[in-house]
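Please read the points below with the sequence and the structure side by side.

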Amino acid sequence: MNWNLISAELRAQVLELSHQAKAAHLASALSCIDILAVLYESILVFDPNNLDWPDRDRFILSKGHAAAGLYAVLSRKGVLHPSQLATYGKANSLLEEHPSPNLPGVEAATGSLGHGLPIANGMALASRIQKKSFRVYALLSDGECNEGSVWEAAMFAARHKLSNLCAIVDFNKWQATGRSQEVLALDPLVDKWRAFGWAVEEIDGHDHDQLSTQLSRKCAGLPRVYIAHTVKGKGISFMEDDNNWHYRVPTRDEINMAREELGLE
Ligand SMILES: [Mg+2]
C-alpha cells in the first residue's frame, strides 16, 4: 500500500473541495486524513456496493466539520462518484458541509460536536444485543472533548464494557478560536480517558503503519480510545499548525503550491 501517495491524493482532493465550495475547515480535514485513509483502506469491514449490509463496521465522523476528508475517502472507495463530489457545499447537494445520513455511506448526522460518541455507543450496544460482530469507530476532535456529552458517553461505554467500540481523538492541539489547551485545558487527556474506564493508547496520527497496527487491535472487556497526535493542516508547509486555515479557503495559486509539496506536480 503506497500510503504516502494515497494520503497526498486525498489531501489534494480536500484542497480542491474547499476551493470549489469556498468551504471552511480545510486544516481540520487535513489533520485527520491519514486516520481516515487507514480506516477505510485497511480497518473497516464494509462493502462499497452494499452500504446497508447489517454486519458492516460503523464509522462516525463525530468531528463533522471535517466532512471534506470523509467525502474524499468515500470517493476513493467508489462510494461517491466524481460528479457527486462536484456538488459539495452547493444548494440541495447531499454533500453538505457537515455530513448527513441522507448521503449513502454516512452513518449519522454530525457536526454539532459531542454527539458522535453517544451515537456510536448505541450502535456498539446494539451490535452486542443483536449478537453481531461489527465494530464501531468514532473520530472526535480534541476541541470536541470540551463537550460534557463526550464524557457522559465515555462513562456509558465503560459501564457497559463496550469492547467493540473504538474512539480516536484527532489531537491537533487547536480548535476554532485558539489553542485547545488555552480555550479549555484538556490535560491530562490520557489520564482522563483512563480514569473514565477506557483502554488508552497514544499514537502518531500521521504514521500509517502505526495506525494500521493499532486500530486493528481488539480490546477484551474495555472500550479503547486512541489519542492520535496530529498537526492541523498536515502536509502543506504553509498551512501546518496555522489556525488561520480553520476558516481560510485556498486560492488556485495556493493549491498549485500545495500540490507541488505533495509531490503531485
Ligand atoms: Mg482540534
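1. Over how many bridges do β3 and β7 pair, and in which sense, parallel or antiparallel? β3 and β7 are joined by 6 bridges, and the sense is parallel. Two strands count as paired if DSSP finds at least two bridges between them. Helices (H or I, at least four residues) and strands (E, at least two) are DSSP runs, numbered from the N terminus.

2. A word on the source. This is a predicted model, in which local features need pLDDT of at least 70 and side-chain atom pairs count only at pLDDT 80 or more, while totals for chains, interfaces and linings use all residues. Residues are numbered from 1 along each chain as its sequence is written.

3. β7 also pairs with β6: the two run parallel and share 6 bridges. Of the 6 residues in β7, 5 are buried. A residue is buried if 20 or more other C-beta atoms lie within 10 Å of its own, exposed if 12 or fewer, and partly exposed in between, with C-beta atoms placed from the backbone.

4. Now the sheet as a whole. It is open, has 5 strands in the order β1-β2-β3-β7-β6, and is paired in parallel. β1 (58-61) and β6 are the edge strands; each has a single partner strand, so one side of each has no neighbour in the sheet. From one strand to the next, the twist averages 20°. For such angles, axes are lines fitted to C-alpha atoms (for helices over the stretch in contact), and values run from 0 to 180 degrees between N-to-C directions.

5. β6, α10 and β7 form a β-α-β unit, and the unit is right-handed. The term applies if, with the strands pointing away from the viewer, the path from the first strand over the helix to the second runs clockwise.

6. Which residues of helix α10 are buried? In α10 (residues 208-215) they are His208, Leu211, Gln214 and Leu215. Looking down the axis of α10, these buried residues fall within an arc of 140°, so they line one face of the helix. The arc is that of the directions from the helix axis to the C-beta atoms. The buried residues of α10 pack against α1 (3-21), α3 (33-43), β3 (165-171), β6 (199-204) and β7 (224-229).

7. For the whole protein chain, the count is 11 helices and 7 strands. Its 265 residues would give a compact globule a radius of gyration near 18 Å, and the value for the chain, 17 Å, agrees. This radius is taken over C-alpha atoms, and the globule rule is 2.2 Å times the number of residues to the power 0.38. Along the principal axes, the C-alpha atoms fill a box of roughly 50 × 45 × 35 Å. Buried residues are 46% of the 265. Among contacts with a separation of 6 or more, 74% are between residues 24 or more positions apart. A contact means that two C-beta atoms, placed from the backbone, lie within 7 Å.

8. Where is Asp241? Asp241 is in the loop between β7 and α11 (252-261). Its phi is positive, about 55°, although Asp241 is not a glycine. Asp241 is partly exposed, as 14 other C-beta atoms lie within 10 Å. Leaving out residues up to four places away in sequence, Asp241 touches Val231, Lys232 and Gly233. Asp241 and Ala27 are 214 residues apart in sequence, and their C-alpha atoms are 8.6 Å apart in space.

9. Two further backbone details deserve a look. Lys161, in the loop between α7 (148-159) and β3, has a positive phi near 50° and is not a glycine. Lys161 counts as partly exposed, with 15 C-beta neighbours inside 10 Å. Asp187 and Pro188 are joined by a cis peptide bond with omega about -5°. Pro188 lies in the loop between α8 (180-183) and α9 (189-195).
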